[in-house]
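Look inside a protein model with this report.

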Amino acid sequence: MRPLLLACLLLAPAALRAGEGPRFTDEAAPAGLAGVSAQNPVWADLNGDGWPDAVLGSTHGGKTTCVFLSTPAAGGERAFYDFTPDSGLNAAPAPSTAPRAGSALVFGDADNDGDLDVFSARYGEFEKPKASPAGEIVRGADGNPVYETTDDGLRSALLLNDGGGRFSHLQRAGVENPPETATSAAFLDYNNDGVLDLYAGNWYREYGVSFLCYPSRLYKGLGNGMFEETTAAAGLLTAATEGRPDSSRPVYGVSHCDWDDDGRQDLLVAVYGRQANRLWRNNGDGTFSDTGPASGFDGDAVRHGRYPDGAKRQPEPEWRSHGNTFSAVCADYDNDGDTDVFLGEITHAWAGEASDRSSVLENLGKKKNFKFRRRPELVYRVHQDTRTWNQGDMRAAWADFDNDGLQDLLLASGDYPDGQYLRLFRQVKLRKFRDITAEAGLDWESSGGVSVADYDRDGDLDILAGKSWMRMPAHRRKGPLPAPALLRNGLANGNHWLAIKLEGRGAGATNRGGVGVRVTVKAGRLLQTREIRTSQGHAGLADEQLLHFGLGKAGSADSVEVRWVTGTAVYEDISADRYIKITEGAGLADWTPAR
């Protein structure tokens, strides 16, 4: 057992009672997923058979994406077979024959045909000049800068699914931005027209040379997978400057949710480089306003920029006194009907108190004008060395792993060699968490991305976790490559559950995938709210696009309320422990994945 995990166990006030909480076992090897590299995994049903498939993004030895489709195995188990060559996700658009893997893959039904398409973000850095050992820009004989990376002509792109998990580039779809470095994105229907739109988060223009950044961009969906850029018209176009309220900032994560419960999807932008996050509120008229400062989403209150004694660094200006935010994961974690957020941050002991810590942002609701209260103490950790610690909290997920009706927090920490692990904070009672990493059987050091789904359809939620070898000493690396973990939940506490698949009518109503639709389930005293989302932050961080509700000891849901674009539908007395499908305008039915 790792020393940090032993410490977590000893610090826990009480052990889990037998059968009470989740306990995970790594099934990657028997399921066929142990022989590939994966830093950024995501669950997505690519062929429409009702079973989540594993999409594994890797940067180990070069960018590539592996695709494994779920298939039946002996004894009623699930296994995965390699579908990578057939998927087309690594192919460049014709006539090029060069390989092309996206730095982030975001899934959504862009053409409303009932299957998941993908936006493949391109990490270019074609405008970063080379620097000499002295830090001077290298110039050619013509006096112009010499760039580190030659522009290969490949851009961010939209790939359409044929329904069987085979993807092809849609030429001139309208999302092929200029040669900008994209790190993240989200599909959402910001204008409620029943067609998904796209927001792409962009990075520095010349990372390490200046603070200048590319503007992030909004693309309005036109149907049939086509888009047009509406960044400026939507009030989202930022300036090519630094340090001003309207300056472009280095985006590392994009999320979306209805933060203020007005029926419209808002954009949450996680910003790197100690700069302020943005919360773009959807005004309902096609435009957005940045409510980050007013809501407290932009950063915590400590903004003096000073470093600790001994750091030998000059204080930062106020605009560089925020966080290195990677992910913004939305959930109504306290079941009060409004949307809260967890922000995952990287910081270090040497950065001082002005560098933001990872934190739960508790939504104070309409009476407080939807401001956030920061609660970093909810996920407090004792660092091994108070002088030199790192905090690499780049990815996270909210999920009810024990089906008790309270969402737990899965926190993926990595990229630093001082005890960065996948951690599970169980919500033992409302707004009170306990680190149960050791009790839950998790021992996953330097975690990459995470994605949550009930991959074996047994009623509890499982985890697909990537691995990062960034800054990991060679002697602590296991195996020939950073392979993923398939962490199967062996929950056996008798709690009930309900899983819901949504289907909208498409253009003129709700988008086919039900993205952004709000569902509220009442079971006894439990009242839970969920939305389907396509992105939660860094590098395509996302869970399967189904809604899972733990019901505790309730054998049925008293009511299920679905808020479509076209109106609200309510269903009563829904029996538990099953998958159901709710179709806009057509009601509720049992939904059984193909065997």
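The structure holds 3 cavities of 30 Å³ or more. A cavity is a set of points, on a 1 Å grid over the protein atoms alone, where a 1.4 Å probe fits but cannot get out; lining residues have an atom within 4 Å of a point. Grid points are joined across faces, edges and corners, and a volume is the space filled by probe spheres set on the points.

This is a predicted model: local features need pLDDT of at least 70, side-chain atom pairs count only at pLDDT 80 or more, and totals for chains, interfaces and linings use all residues. Residues are numbered from 1 along each chain as its sequence is written, and side-chain values use heavy atoms, without hydrogens or water.

| Cavity | Volume | Lining residues by class |
|---|---|---|
| Largest | about 470 Å³ | 14 nonpolar, 6 polar, 10 charged |

Now the cysteines. The model has 1 disulfide, a pair of cysteine sulfur atoms within 2.5 Å. Cys-257 and Cys-330 form it, with sulfur atoms 2.4 Å apart. Cys-257 lies in strand S14 (residues 251–257) and Cys-330 in strand S18, so the link ties together parts 73 residues apart in sequence. Strands (E, at least two residues) are DSSP runs, numbered from the N terminus. The link is left-handed, with -55 degrees about the S-S bond.

Both Cys-257 and Cys-330 are buried, meaning under 20% relative accessible area (1.4 Å probe, protein chains only). Cys-213 counts as buried too, because its relative accessibility is 3%.

Notes:
1 Å grid on protein atoms, 1.4 Å probe; cavity = no way out; pocket = protein on both sides within 12 Å on 5 of 7 lines; lining within 4 Å. Nonpolar A, V, L, I, M, F, W, Y, C, P; charged D, E, K, R; others polar. Helix = DSSP H or I, 4+ residues; strand = E, 2+ residues; numbered from the N terminus. Buried < 20%, exposed > 50% of the residue type's maximum accessible area, 1.4 Å probe, protein only.
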